[in-house]
Amino acid sequence: MTRFHRFITLLCALCASAVQIKAQTTPSPLETLFKRLDRNGDGKLTADEAPPARREAFDLNKDGIVTLEEAREAARGGARPRTNSTPTAPMPAKPESATAKTEIVSTLDVRYAMIEGVEPNLLSLDIHAPQGAKNAPVIVGYHGGGWRGGDKRSFGRLAEVFTAAGYVFVSGNYRLAPAATHPALAEDVAAALAWVQDHIAEHGGDPKRIFVTGHSAGAHLAGLVAVDERHLKKAKKDLSLLKGAILLDAAGYDLTAYLASPQATAGMTDMIHQAFGKTEAGWRDGSPNAHVAPGKNIPPFLIVYGGTQFGSGTGAPELAEKLKAAGVAAEAVKFAKSHQQFATDLTLPDDPMTKLVMAFLAKHSGSTAGAASAPAANAATAPVSAQALAKLAFTADYLANTLSKDSPIAGGTEANALEIHSGAIYCAVSHMPKARDMATMNAKILVKRSAASGWELDHATGSRFGRLGILKSVAFTTDGTGRKLDKPVPVLFCGTGEWKFQNPDSITILSRNDAKGRWEQTVVSRDIWNPDQSNDTQEIRLIFDHVDRVTGVHYVFAGTTAGNLFHGVYDPAQPGLVRWEPKPDIDDCYGRFLGAAEANGVIHTSLAIDSRKDSQAAENGAPIEKRCGIFRRIDGSAARWEWVRVKEWFGESGGDVSRVGYLCGLTAAPDPKDASRQVLLCAIHERGSARIEQLDPRRGYQATVYSNVSDQLDRAFSQRVPVSRIAYNDMTPTTDPATGCAVHLISGWFKPAGREETGELAKSAWYLTVAADGKAQLARVFDPAHPLTDAEFGLRCTRSIRPSPFPEEAGRVWYFCGFDQTPVSGRGTAAKGDTAWIYKGTLKGQRP
């Protein structure tokens, strides 16, 4: 540790306590240390006495030197003098607990844990509350220092700004490397948060409104605890404890990627090795990015970054995108600041970063603090209505029937699936020409690479495949032996389909090789029919992945409409980068695989069957598990799939699919009774009605009605609303931008105007928003400039919904695609033209 580093550490340690310590007439420790570092005795610390990178945060007037007065001011959390500045903006409105002139009540060195042999200060908190606070929102902050240095006093200098805004501010310590290593540091952070929830009411705080924040290494630990539920679970808490996470310029959101980057200097590498070890397993386990997944009740995130001193902020946009893809409200915002300024500038009430932080806190705490100070340039933080996701403003983004025949992306009957992959969004478009003109058939995969670009052709299948039913992006982490890969390998898969009259001879999948920039075609198997060949199409309709918890092997699975389920493993020597096992894991089923979800580490898949196929299966004596229901995988070297008897559906023995109907949209969601665990949601429709049921794995997969969709829609429209399909493959998790609450966007074919396909409402496409309490609301996909894609059939249905992957659209734009060529009941006709569509839905009041 350099002399100036020691100076900074001591200087920071004096910061928060300076509020309550009276001025001394004898030289202070700060003055004594400053004099010792000032080798030439001129009262200034210059570049040769203090390295510029370390000096920057304390050189308040930016003249290249640090004076004793500047050091004192920095220790007090002082502001940098401004030139050509605009008048200071007023402080934001305060919650009910704040007073006009805030007095701070500080309680220092509170022990949150006792561990033998550990210095008490390392397991302590400083609590700063506005005098008279009652039920005030709480912010718990953690200092930086490369996981091996720093103290809570340094982060405590933010107490004044947050208490002035009406918050209780808690600054925490944690054990330091190399004496302590991962996961001890994260466990300390979690233990402190647990203590705060249990005791903060004694200090005027609201235990139901707790935020976590941190700077540098502290931000990394705050982010890790906010996504990896194991640490809070060890403290007998869960992620529902947190209302939000604010991360200030951290490095190491993905430690493996960071160590492989140019920013990983020898010093940073050594710091990471001391805290997280020298193995990839340790780096991955300590990476917030590795623990993001849907359905975990992860709180909203605000990630600010931009410092270049340590390559801090590396991976911030990627973490935000991964969170959003998991349905978590998240935003990564870049500021032109030094690494240290991300902590010091929060003391400046008119700083844009401070305003952004205050707006985030106000939005997710339910208080009015900071609400007026949100940056106007930041569209994602603008207020929106409570029903925002059901009232998006739609604009047509791709209409197959408006394109010239010479266009490479012309021709498409159904836009079946959207998927985010490597920063772009892809769409699988099926093509069913009229009169079975196979020569003109040309299913294709489109790609949109930026918010401003149009859709482009990424791959055309030619006349063999009419159907492309599913897209799935998989980032392989291990190979077929369970060996860890040097870095994750992303592969985008597309399921293909052929009709029976085409005489298919194989099950085929498409894989995108990003390194080569091309798609490769692979035969999965030649086992393509159910027992009596009653399936009229052969199609891969479901693709999902899972890492075996016993062997560590990362599998990809493909489910077909012929009732077969296959698996493959990463193998770079194979076409398509995957070695497929041609023998099915599950075989000879009469239904089709349409959903998959991982809950509590266990992967599940669902098998759907319609009434006609079930009658055929029953006549042939097929057992119930070959016709419908849920399967779960038992991991291990002799892994197997096990059919789950849901007693509410099938009873204690035997079985009747009439209670189940067409089962699809399998999705994991937080358990309402225990947010650290997950339940399964599945959509069921039969005979024009739809509902969503919840399955509880801890209670023998007990089924209860989560949302009676049809009843709610019928009441809302005061008439019968037939449902032909609901949740084709999944339920897209997202966050209500107004409330921060979890919401599912659900595709489907809904008919609020009745069964007749006449009139604008009947020809529109619709989708559902379903809140955590099961309340469903039907919403319309509609662009006045392009109301219908086809004069006879209209838009019909929404097939797939995905949030925008583009930073400028994050949190405010979703992409929808659709159409279904299924014949209309009683009419016997089906669309066979260019009816595929993609629309972009934007929060109203914001730029499309």
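**Figure 1. Cysteines C664 and C682 in the predicted model.** The sulfur of C664 lies 8.9 Å from the closest cysteine sulfur, that of C682, which is too far for a bond. A disulfide is taken here as a pair of cysteine sulfur atoms within 2.5 Å. C664 has a relative accessible area of 2% and is therefore buried; buried means under 20% relative accessible area, exposed over 50%, and partly exposed in between, with a 1.4 Å probe and protein chains only. This is a predicted model, in which local features need pLDDT of at least 70 and side-chain atom pairs count only at pLDDT 80 or more, while totals for chains, interfaces and linings use all residues. Residues are numbered from 1 along each chain as its sequence is written, and side-chain values use heavy atoms, with hydrogens and water left out.

**Figure 2. Cysteines C427 and C817.** For C427, the closest cysteine sulfur is in C817, at 4.3 Å, so the two are too far apart for a bond. C427 counts as buried because its relative accessibility is 0%. The count of disulfides comes to 0.

**Figure 3. The salt bridge between R467 and E539.** The closest N and O atoms of R467 and E539 are 3.3 Å apart, and the two residues form a salt bridge. The pair links distant parts of the chain, 72 residues apart: R467 is in strand β16 (residues 467–478) and E539 in strand β20 (residues 537–547). Strands (E, at least two residues) and helices (H or I, at least four) are DSSP runs, numbered from the N terminus. A salt bridge is a side-chain nitrogen of Lys or Arg within 4 Å of a carboxyl oxygen of Asp or Glu. R467 counts as buried because its relative accessibility is 10%, and E539 is buried with a relative accessible area of 3%. A network of salt bridges links E414, R467, E539, R799 and D820. Side chains of opposite charge can pair when their charged atoms come close.

Figure 4. The side chains of D126 and R153 meet in a salt bridge at 2.3 Å, N to O. This pair also joins distant parts of the chain, with D126 in strand β4 (residues 124–130) and R153 in helix α5 (residues 152–155), 27 residues apart. Both D126 and R153 are buried. In the other pair, the side chains of D206 and R209 meet at 3.0 Å, N to O, and both D206 and R209 are buried. The count of salt bridges comes to 43.

**Figure 5. V491 in strand β17.** V491 is located in strand β17 (residues 484–499). Its relative accessibility is 0%, so V491 counts as buried. A475 is 16 residues from V491 in sequence, and their C-alpha atoms are 6.2 Å apart in space. Leaving aside neighbours within four places in sequence, V491 is in contact with residues including H421, K472, F476, R512 and L577; contact means heavy atoms within 4.5 Å.

Figure 6. Helix α15 (residues 352–365) has 14 residues and reaches 20 Å from its first C-alpha to its last, close to the 20 Å expected at 1.5 Å a residue. The expected span is 1.5 Å times one less than the number of residues. The helix is mostly covered, with 11 of its 14 residues buried, among them M353, L356, F360 and H364. At the start of α15, a side-chain oxygen of D351 comes to within 2.8 Å of the backbone nitrogen of M353. Just after α15, G366 takes a positive phi of about 80°.

Technical notes: Polar contact = N/O pair within 3.5 Å; in protein donor to acceptor, adjacent residues only side chain to side chain.
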